[in-house]
Protein chains: 2
Amino acid sequence: MRLTTKGRYAVTAMLDLTIHCDDKPVSLAEISQRQSISLSYLEQLFSKLRQSELVTSVRGPGGGYHLGRASENIFIAEIIDAVNESVDTTNCQGKGDCQGGEICLTHSLWDQLSHEIHNFLNAISLADLVARRDVKSIAQRQVEQLLILNESPQAGAC
Amino acid sequence: MRLTTKGRYAVTAMLDLTIHCDDKPVSLAEISQRQSISLSYLEQLFSKLRQSELVTSVRGPGGGYHLGRASENIFIAEIIDAVNESVDTTNCQGKGDCQGGEICLTHSLWDQLSHEIHNFLNAISLADLVARRDVKSIAQRQVEQLLILNESPQAGAC
DNA sequence: ACTTACTTGACTAAAATAGTCGGGTATTGG
DNA sequence: CCAATACCCGACTATTTTAGTCAAGTAAGT
(Lines give C-alpha, C1' and ligand atoms only; values in the text may rest on other atoms or scores of the structure.)
Protein backbone atom coordinates (compact mmCIF):
# COMPACT_ATOMS: atom_id res chain seq x y z
CA MET A 1 0.00 0.00 0.00
CA ARG A 2 1.30 3.37 -0.92
CA LEU A 3 -0.62 6.30 0.38
CA THR A 4 1.73 9.22 0.81
CA THR A 5 1.79 12.95 0.13
CA LYS A 6 1.63 12.30 -3.59
CA GLY A 7 -1.85 10.82 -3.41
CA ARG A 8 -2.92 13.29 -0.73
CA TYR A 9 -1.73 16.24 -2.80
CA ALA A 10 -3.59 14.93 -5.82
CA VAL A 11 -6.85 14.61 -3.90
CA THR A 12 -6.38 18.00 -2.26
CA ALA A 13 -5.71 19.66 -5.61
CA MET A 14 -8.72 18.01 -7.20
CA LEU A 15 -10.88 19.13 -4.32
CA ASP A 16 -9.58 22.68 -4.70
CA LEU A 17 -10.43 22.49 -8.38
CA THR A 18 -13.95 21.35 -7.54
CA ILE A 19 -14.54 24.15 -5.08
CA HIS A 20 -13.27 27.01 -7.20
CA CYS A 21 -15.49 27.87 -10.10
CA ASP A 22 -17.16 25.72 -12.69
CA ASP A 23 -17.01 28.39 -15.40
CA LYS A 24 -13.42 29.61 -15.82
CA PRO A 25 -10.56 27.13 -15.75
CA VAL A 26 -8.44 27.09 -12.59
CA SER A 27 -4.70 27.60 -13.06
CA LEU A 28 -2.16 25.52 -11.23
CA ALA A 29 -0.65 28.74 -9.88
CA GLU A 30 -3.86 29.40 -7.92
CA ILE A 31 -4.00 25.88 -6.54
CA SER A 32 -0.33 26.09 -5.65
CA GLN A 33 -0.94 29.24 -3.58
CA ARG A 34 -4.10 28.07 -1.85
CA GLN A 35 -2.92 24.57 -1.00
CA SER A 36 0.80 25.26 -0.47
CA ILE A 37 1.89 22.72 -3.04
CA SER A 38 4.88 23.46 -5.28
CA LEU A 39 3.87 24.45 -8.81
CA SER A 40 6.32 22.09 -10.49
CA TYR A 41 5.04 19.21 -8.46
CA LEU A 42 1.44 20.04 -9.33
CA GLU A 43 2.38 20.02 -13.00
CA GLN A 44 3.70 16.52 -12.61
CA LEU A 45 0.53 15.36 -10.85
CA PHE A 46 -1.86 17.02 -13.30
CA SER A 47 -0.06 15.47 -16.23
CA LYS A 48 -1.16 12.09 -14.87
CA LEU A 49 -4.62 13.29 -13.94
CA ARG A 50 -5.09 14.50 -17.50
CA GLN A 51 -3.95 11.18 -18.95
CA SER A 52 -6.59 9.50 -16.82
CA GLU A 53 -9.12 12.04 -18.12
CA LEU A 54 -9.99 13.18 -14.63
CA VAL A 55 -9.27 16.77 -15.76
CA THR A 56 -9.24 18.65 -19.06
CA SER A 57 -6.80 21.45 -19.79
CA VAL A 58 -7.14 24.84 -21.44
CA ARG A 59 -3.90 26.32 -22.70
CA GLY A 60 -2.84 29.92 -23.06
CA PRO A 61 -3.56 32.98 -20.94
CA GLY A 62 -6.58 32.54 -18.71
CA GLY A 63 -6.14 28.82 -19.16
CA GLY A 64 -6.03 26.12 -16.54
CA TYR A 65 -7.92 22.97 -15.69
CA HIS A 66 -11.51 21.80 -15.51
CA LEU A 67 -12.85 18.63 -13.96
CA GLY A 68 -13.12 15.89 -16.54
CA ARG A 69 -16.65 15.08 -15.43
CA ALA A 70 -19.19 16.06 -12.81
CA SER A 71 -17.80 16.06 -9.28
CA GLU A 72 -20.47 13.52 -8.31
CA ASN A 73 -18.83 11.04 -10.65
CA ILE A 74 -15.21 11.40 -9.62
CA PHE A 75 -14.22 9.14 -6.77
CA ILE A 76 -11.23 9.46 -4.49
CA ALA A 77 -9.90 6.01 -5.37
CA GLU A 78 -9.68 7.05 -9.02
CA ILE A 79 -7.55 10.06 -8.20
CA ILE A 80 -5.12 8.02 -6.14
CA ASP A 81 -4.91 5.39 -8.85
CA ALA A 82 -4.23 8.06 -11.45
CA VAL A 83 -1.06 9.32 -9.76
CA ASN A 84 0.32 5.78 -9.69
CA GLU A 85 -0.20 5.10 -6.08
CA SER A 86 -1.66 1.70 -5.65
CA VAL A 87 -3.94 1.09 -2.72
CA ASP A 88 -2.98 -2.56 -2.86
CA THR A 89 -1.46 -3.88 0.35
CA THR A 90 -0.25 -7.26 -0.85
CA ASN A 91 3.39 -7.86 -1.68
CA CYS A 92 2.61 -9.54 -4.97
CA GLN A 93 0.12 -7.01 -6.36
CA GLY A 94 -2.66 -9.49 -5.83
CA LYS A 95 -1.05 -12.14 -8.02
CA GLY A 96 -0.53 -14.63 -5.23
CA ASP A 97 3.08 -15.54 -5.98
CA CYS A 98 4.38 -13.93 -2.80
CA GLN A 99 6.57 -16.79 -1.61
CA GLY A 100 8.74 -18.08 -4.41
CA GLY A 101 5.88 -18.61 -6.84
CA GLU A 102 3.52 -19.86 -4.14
CA ILE A 103 0.99 -17.92 -2.11
CA CYS A 104 2.19 -16.66 1.27
CA LEU A 105 0.58 -17.23 4.61
CA THR A 106 -0.99 -13.82 4.97
CA HIS A 107 -1.90 -13.14 1.36
CA SER A 108 -5.65 -13.27 1.82
CA LEU A 109 -5.48 -10.89 4.76
CA TRP A 110 -3.78 -8.17 2.73
CA ASP A 111 -5.98 -8.87 -0.23
CA GLN A 112 -9.03 -8.36 1.95
CA LEU A 113 -7.63 -5.17 3.44
CA SER A 114 -6.91 -3.78 -0.01
CA HIS A 115 -10.50 -4.32 -1.02
CA GLU A 116 -11.69 -2.72 2.17
CA ILE A 117 -9.66 0.44 1.57
CA HIS A 118 -10.61 0.58 -2.07
CA ASN A 119 -14.30 0.27 -1.29
CA PHE A 120 -14.03 3.03 1.26
CA LEU A 121 -12.30 5.46 -1.10
CA ASN A 122 -14.44 4.50 -4.06
CA ALA A 123 -17.62 5.34 -2.19
CA ILE A 124 -16.60 8.97 -1.68
CA SER A 125 -16.92 11.44 -4.55
CA LEU A 126 -15.47 14.93 -4.81
CA ALA A 127 -19.02 16.25 -4.47
CA ASP A 128 -19.36 14.38 -1.18
CA LEU A 129 -16.21 16.03 0.14
CA VAL A 130 -17.27 19.51 -0.94
CA ALA A 131 -20.51 19.08 0.97
CA ARG A 132 -18.72 18.49 4.26
CA ARG A 133 -18.93 21.27 6.78
CA ASP A 134 -15.22 21.23 7.70
CA VAL A 135 -14.17 21.34 4.06
CA LYS A 136 -16.40 24.35 3.45
CA SER A 137 -14.97 26.34 6.35
CA ILE A 138 -11.36 25.46 5.54
CA ALA A 139 -11.83 26.49 1.92
CA GLN A 140 -13.31 29.78 3.09
CA ARG A 141 -10.31 30.41 5.34
CA GLN A 142 -7.88 29.66 2.52
CA VAL A 143 -9.54 32.18 0.22
CA GLU A 144 -9.53 34.87 2.91
CA GLN A 145 -5.86 34.33 3.72
CA LEU A 146 -4.95 34.76 0.09
CA LEU A 147 -6.96 37.97 -0.24
CA ILE A 148 -5.04 39.46 2.68
CA LEU A 149 -1.69 38.32 1.30
CA ASN A 150 -2.26 39.58 -2.21
CA GLU A 151 -3.92 42.83 -1.15
CA SER A 152 -5.58 42.78 -4.54
CA PRO A 153 -9.27 43.56 -4.04
CA GLN A 154 -10.54 40.96 -6.49
CA ALA A 155 -14.15 39.93 -6.50
CA GLY A 156 -14.10 37.22 -3.89
CA ALA A 157 -16.93 35.18 -5.35
CA CYS A 158 -16.57 33.24 -8.53
CA MET B 1 0.24 5.27 5.85
CA ARG B 2 3.04 2.81 5.87
CA LEU B 3 2.17 -0.78 5.23
CA THR B 4 5.10 -2.50 3.61
CA THR B 5 7.00 -5.76 3.84
CA LYS B 6 8.13 -4.90 7.35
CA GLY B 7 4.61 -5.02 8.74
CA ARG B 8 3.66 -7.94 6.53
CA TYR B 9 6.72 -9.93 7.64
CA ALA B 10 5.90 -9.24 11.27
CA VAL B 11 2.33 -10.48 10.90
CA THR B 12 3.45 -13.50 8.88
CA ALA B 13 6.06 -14.43 11.47
CA MET B 14 3.60 -14.04 14.33
CA LEU B 15 1.11 -16.22 12.50
CA ASP B 16 3.78 -18.86 11.94
CA LEU B 17 4.55 -18.71 15.63
CA THR B 18 0.88 -19.20 16.45
CA ILE B 19 0.53 -22.20 14.17
CA HIS B 20 3.64 -24.10 15.28
CA CYS B 21 3.43 -25.56 18.75
CA ASP B 22 2.27 -24.03 21.95
CA ASP B 23 4.58 -26.14 24.11
CA LYS B 24 8.16 -25.76 22.86
CA PRO B 25 9.44 -22.34 21.88
CA VAL B 26 9.82 -21.71 18.15
CA SER B 27 13.25 -20.59 16.95
CA LEU B 28 13.70 -17.79 14.45
CA ALA B 29 15.68 -20.19 12.26
CA GLU B 30 12.54 -22.29 11.81
CA ILE B 31 10.40 -19.28 10.96
CA SER B 32 13.09 -18.03 8.60
CA GLN B 33 13.03 -21.30 6.67
CA ARG B 34 9.28 -21.72 6.54
CA GLN B 35 8.45 -18.13 5.64
CA SER B 36 11.51 -17.23 3.54
CA ILE B 37 12.41 -14.26 5.71
CA SER B 38 16.06 -13.50 6.43
CA LEU B 39 17.13 -14.50 9.93
CA SER B 40 18.84 -11.20 10.67
CA TYR B 41 15.77 -9.30 9.67
CA LEU B 42 13.56 -11.49 11.85
CA GLU B 43 15.82 -10.74 14.81
CA GLN B 44 15.28 -7.06 14.24
CA LEU B 45 11.53 -7.48 14.08
CA PHE B 46 11.30 -9.76 17.10
CA SER B 47 13.32 -7.33 19.15
CA LYS B 48 10.47 -4.87 18.72
CA LEU B 49 7.78 -7.48 19.19
CA ARG B 50 9.40 -8.46 22.48
CA GLN B 51 9.55 -4.84 23.67
CA SER B 52 5.82 -4.62 23.00
CA GLU B 53 5.35 -7.86 24.96
CA LEU B 54 3.69 -9.57 22.06
CA VAL B 55 6.22 -12.40 22.40
CA THR B 56 8.41 -13.81 25.18
CA SER B 57 11.82 -15.30 24.56
CA VAL B 58 13.67 -18.36 25.84
CA ARG B 59 17.43 -18.25 25.47
CA GLY B 60 19.93 -21.03 24.98
CA PRO B 61 19.73 -24.27 23.01
CA GLY B 62 16.19 -25.33 22.31
CA GLY B 63 15.15 -21.76 22.94
CA GLY B 64 13.01 -19.50 20.82
CA TYR B 65 9.83 -17.49 21.16
CA HIS B 66 6.37 -17.92 22.62
CA LEU B 67 3.34 -15.75 22.07
CA GLY B 68 3.06 -13.15 24.81
CA ARG B 69 -0.61 -13.93 25.34
CA ALA B 70 -3.36 -16.11 23.93
CA SER B 71 -3.70 -15.84 20.16
CA GLU B 72 -7.31 -14.74 20.64
CA ASN B 73 -6.02 -11.60 22.33
CA ILE B 74 -3.36 -10.51 19.86
CA PHE B 75 -4.70 -8.31 17.10
CA ILE B 76 -3.10 -7.57 13.75
CA ALA B 77 -3.08 -3.83 14.36
CA GLU B 78 -0.95 -4.35 17.48
CA ILE B 79 1.67 -6.28 15.54
CA ILE B 80 1.96 -3.59 12.88
CA ASP B 81 2.16 -0.88 15.52
CA ALA B 82 4.91 -2.80 17.30
CA VAL B 83 7.28 -2.76 14.34
CA ASN B 84 6.87 1.00 14.05
CA GLU B 85 4.67 1.09 11.05
CA SER B 86 1.91 3.55 11.58
CA VAL B 87 -1.42 2.89 9.94
CA ASP B 88 -2.11 6.61 10.05
CA THR B 89 -2.79 8.11 6.63
CA THR B 90 -2.76 11.81 7.54
CA ASN B 91 0.28 13.92 6.79
CA CYS B 92 0.34 15.46 10.26
CA GLN B 93 -0.03 12.28 12.31
CA GLY B 94 -3.55 13.31 13.24
CA LYS B 95 -2.43 16.61 14.79
CA GLY B 96 -4.22 18.80 12.28
CA ASP B 97 -1.36 21.19 11.53
CA CYS B 98 -0.98 19.97 7.99
CA GLN B 99 -0.89 23.34 6.25
CA GLY B 100 1.45 25.71 8.02
CA GLY B 101 -0.07 25.20 11.44
CA GLU B 102 -3.60 25.09 10.09
CA ILE B 103 -5.67 22.10 9.13
CA CYS B 104 -5.57 21.11 5.46
CA LEU B 105 -8.49 20.63 3.14
CA THR B 106 -8.49 16.85 3.16
CA HIS B 107 -7.44 16.23 6.75
CA SER B 108 -10.73 14.75 7.91
CA LEU B 109 -10.81 12.38 4.96
CA TRP B 110 -7.46 10.83 5.84
CA ASP B 111 -8.31 10.83 9.49
CA GLN B 112 -11.46 8.89 8.76
CA LEU B 113 -9.61 6.43 6.52
CA SER B 114 -7.01 5.81 9.21
CA HIS B 115 -9.71 4.90 11.68
CA GLU B 116 -11.34 2.65 9.12
CA ILE B 117 -8.12 0.70 8.52
CA HIS B 118 -7.29 0.51 12.19
CA ASN B 119 -10.74 -0.82 13.05
CA PHE B 120 -10.44 -3.44 10.37
CA LEU B 121 -7.05 -4.70 11.53
CA ASN B 122 -7.93 -4.45 15.19
CA ALA B 123 -10.94 -6.70 14.75
CA ILE B 124 -8.83 -9.61 13.49
CA SER B 125 -6.85 -11.73 15.97
CA LEU B 126 -4.13 -14.26 15.27
CA ALA B 127 -6.60 -16.95 16.29
CA ASP B 128 -9.03 -15.70 13.64
CA LEU B 129 -6.35 -16.02 10.97
CA VAL B 130 -5.30 -19.50 12.05
CA ALA B 131 -8.91 -20.63 11.70
CA ARG B 132 -9.08 -19.65 8.03
CA ARG B 133 -9.14 -22.48 5.57
CA ASP B 134 -6.55 -21.00 3.21
CA VAL B 135 -4.12 -20.33 6.05
CA LYS B 136 -4.43 -23.93 7.22
CA SER B 137 -3.67 -25.38 3.81
CA ILE B 138 -0.77 -23.02 3.14
CA ALA B 139 0.80 -23.82 6.50
CA GLN B 140 0.46 -27.51 5.73
CA ARG B 141 2.22 -27.04 2.39
CA GLN B 142 5.04 -25.09 4.00
CA VAL B 143 5.72 -27.86 6.52
CA GLU B 144 5.72 -30.54 3.83
CA GLN B 145 8.11 -28.61 1.62
CA LEU B 146 10.55 -28.29 4.49
CA LEU B 147 10.40 -31.98 5.32
CA ILE B 148 11.34 -32.81 1.73
CA LEU B 149 14.13 -30.25 1.66
CA ASN B 150 15.69 -31.30 4.93
CA GLU B 151 15.26 -35.03 4.36
CA SER B 152 15.44 -35.34 8.10
CA PRO B 153 12.64 -37.66 9.19
CA GLN B 154 11.60 -35.62 12.20
CA ALA B 155 8.32 -36.23 13.89
CA GLY B 156 6.07 -34.07 11.76
CA ALA B 157 3.57 -33.26 14.47
CA CYS B 158 4.43 -31.03 17.37
C1' DA C 1 4.64 39.71 -30.81
C1' DC C 2 4.35 39.00 -26.19
C1' DT C 3 2.77 36.95 -22.34
C1' DT C 4 0.47 33.46 -19.90
C1' DA C 5 0.09 28.93 -18.66
C1' DC C 6 0.05 24.20 -19.91
C1' DT C 7 3.51 20.12 -21.34
C1' DT C 8 7.28 17.14 -21.07
C1' DG C 9 11.29 14.98 -19.58
C1' DA C 10 15.43 14.70 -17.22
C1' DC C 11 17.59 15.29 -13.10
C1' DT C 12 18.40 15.21 -7.85
C1' DA C 13 18.47 15.46 -2.63
C1' DA C 14 16.65 13.31 1.17
C1' DA C 15 14.35 9.77 3.44
C1' DA C 16 12.76 5.15 4.19
C1' DT C 17 13.12 0.33 3.40
C1' DA C 18 15.12 -3.90 3.61
C1' DG C 19 18.20 -5.73 4.67
C1' DT C 20 23.64 -7.35 6.25
C1' DC C 21 27.43 -7.89 9.48
C1' DG C 22 29.81 -8.56 13.57
C1' DG C 23 29.98 -8.86 17.77
C1' DG C 24 28.03 -9.99 22.07
C1' DT C 25 25.31 -12.99 26.21
C1' DA C 26 22.48 -16.60 28.33
C1' DT C 27 21.56 -21.50 28.58
C1' DT C 28 21.99 -26.30 28.32
C1' DG C 29 23.28 -31.00 26.80
C1' DG C 30 27.20 -33.92 26.84
C1' DC D 1 33.43 -27.35 31.98
C1' DC D 2 32.74 -26.28 27.33
C1' DA D 3 30.99 -26.02 23.07
C1' DA D 4 26.95 -25.40 20.60
C1' DT D 5 22.64 -23.09 20.22
C1' DA D 6 19.95 -19.23 19.79
C1' DC D 7 18.62 -14.89 21.48
C1' DC D 8 20.35 -9.91 21.69
C1' DC D 9 22.03 -5.48 19.99
C1' DG D 10 23.92 -1.81 17.41
C1' DA D 11 26.16 -0.10 13.51
C1' DC D 12 26.37 -0.05 8.79
C1' DT D 13 24.77 -0.03 3.76
C1' DA D 14 22.57 -0.67 -0.88
C1' DT D 15 18.43 0.18 -3.08
C1' DT D 16 14.20 2.26 -3.84
C1' DT D 17 10.88 5.73 -3.35
C1' DT D 18 9.44 10.24 -2.48
C1' DA D 19 9.18 14.77 -3.26
C1' DG D 20 10.53 17.63 -5.41
C1' DT D 21 13.58 21.12 -9.02
C1' DC D 22 14.99 22.70 -13.51
C1' DA D 23 15.01 23.60 -18.30
C1' DA D 24 13.16 23.74 -22.58
C1' DG D 25 9.55 23.63 -24.96
C1' DT D 26 4.25 24.46 -27.17
C1' DA D 27 -0.31 26.48 -27.59
C1' DA D 28 -3.36 30.26 -27.31
C1' DG D 29 -5.31 34.65 -26.11
C1' DT D 30 -4.79 40.18 -26.17
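## Fold and burial

Buried, for a residue here, means under 20% relative accessible area. By that cut-off, 45% of the 158 residues of chain A count as buried. Keep in mind that this is a predicted model.

Chain A has 7 helices and 2 strands, and reading along the sequence gives the pattern α-α-α-β-β-α-α-α-α. As for contacts in chain A with a separation of 6 or more, 65% of them come from residues 24 or more positions apart.

## Where the two chains meet

On to the interface. On the chain A side 43 residues are in contact with chain B, and they meet 43 residues there. About 3600 Å² is buried between chain A and chain B, and carbon and sulfur atoms give 62% of that area. In chain A, the residues that lose the most area to chain B are Arg8(A), Leu105(A) and Phe120(A), which together make up 21% of what that side buries.

What about polar pairing across the interface? There are 10 residue pairs in polar contact between chain A and chain B, counting pairs with both residues at pLDDT 80 or more. Salt bridges are another story: the rule finds 0 of them between chain A and chain B.

Which parts of chain A face chain B? Helices H1 (5-19), H2 (28-35), H4 (76-82), H5 (107-122) and H7 (133-150) of chain A each bring at least two residues to the side that touches chain B. H5(A) gives the most, with 9 residues. Sorted by type, the residues on that side of chain A come out as 21 nonpolar, 14 polar and 8 charged.

## Salt bridges within the chains

Side chains of opposite charge can pair when their charged atoms come close. Over all chains, a search of the whole structure turns up 6 salt bridges.

Start with helix H2 of chain A, which holds both Arg34(A) and Glu30(A), 4 residues apart, or about one turn of the helix. Their side chains meet in a salt bridge at 3.6 Å, N to O. Are these two partners buried or partly exposed? Arg34(A) counts as buried because its relative accessibility is 9%, whereas Glu30(A), at 33%, counts as partly exposed. Just after H2(A), Ser36(A) takes a positive phi of about 55°.

Glu78(A) and Arg69(A) make another salt bridge, this one at 3.0 Å, N to O. Glu78(A) is partly exposed at 25% relative accessibility, and Arg69(A) is partly exposed with a relative accessible area of 33%.

Over in chain B, Arg34(B) forms a salt bridge with Asp16(B), and their closest N and O atoms are 2.8 Å apart. Arg34(B) sits in helix H2 (residues 28-35) of chain B and Asp16(B) in helix H1 of chain B, so this pair ties together parts that are 18 residues apart in sequence. Both Arg34(B) and Asp16(B) are buried. Back in chain A, salt bridges that share partners join Asp16(A), Glu30(A) and Arg34(A) into one network.

## Aromatic pairs

A pair of aromatic rings is described by the distance of the centres and the angle of the planes. The structure holds 4 aromatic pairs over all chains. One of them is Phe46(A) with Tyr65(A), a tilted pair at 4.8 Å centre to centre with 45° between the planes. Phe46(A) belongs to helix H3 (residues 39-51) of chain A and Tyr65(A) to strand E2 (residues 64-67) of chain A, so the pair links distant parts of the chain, 19 residues apart. Phe46(A) and Tyr65(A) are both buried.

In chain B, Tyr9(B) and Tyr41(B) pair edge-to-face, at 5.9 Å centre to centre and 80° between the planes. With Tyr9(B) in helix H1 (residues 5-19) of chain B and Tyr41(B) in helix H3 (residues 39-51) of chain B, the pair ties together parts that are 32 residues apart in sequence. Tyr9(B) is partly exposed, with a relative accessible area of 25%, and Tyr41(B) counts as partly exposed at 24%.

Ser71(A) has its place in the loop between E2 and H4 of chain A. Ser71(A) is buried, with a relative accessible area of 15%. Leaving out residues up to four places away in sequence, Ser71(A) touches Thr18(A), Ser125(A), Leu126(A) and Ala127(A).

Arg133(A), found in helix H7 of chain A, is exposed, with a relative accessible area of 74%.

Methods: Residues are numbered from 1 along each chain as its sequence is written. Chains are lettered from A and ligands numbered from 1 in the order in which they are written. This is a predicted model: local features need pLDDT of at least 70, side-chain atom pairs count only at pLDDT 80 or more; totals for chains, interfaces and linings use all residues. Side-chain values use heavy atoms; hydrogens and water are left out. Contact means heavy atoms within 4.5 Å. Buried area is the accessible area (1.4 Å probe) that two parts lose on being put together, summed over both. A salt bridge is a side-chain nitrogen of Lys or Arg within 4 Å of a carboxyl oxygen of Asp or Glu. A polar contact is a pair of N or O atoms within 3.5 Å; within protein, one must be able to donate a hydrogen and the other to accept it, and residues adjacent in sequence count only if both atoms are side-chain atoms. Ala, Val, Leu, Ile, Met, Phe, Trp, Tyr, Cys and Pro count as nonpolar, Asp, Glu, Lys and Arg as charged, and the others, Gly among them, as polar. Rings of Phe, Tyr and Trp (its six-membered ring) pair if their centres lie within 6.5 Å; planes under 30 degrees apart count as stacked, over 60 as edge-to-face and the rest as tilted. Buried means under 20% relative accessible area, exposed over 50%, partly exposed in between (1.4 Å probe, protein chains only).
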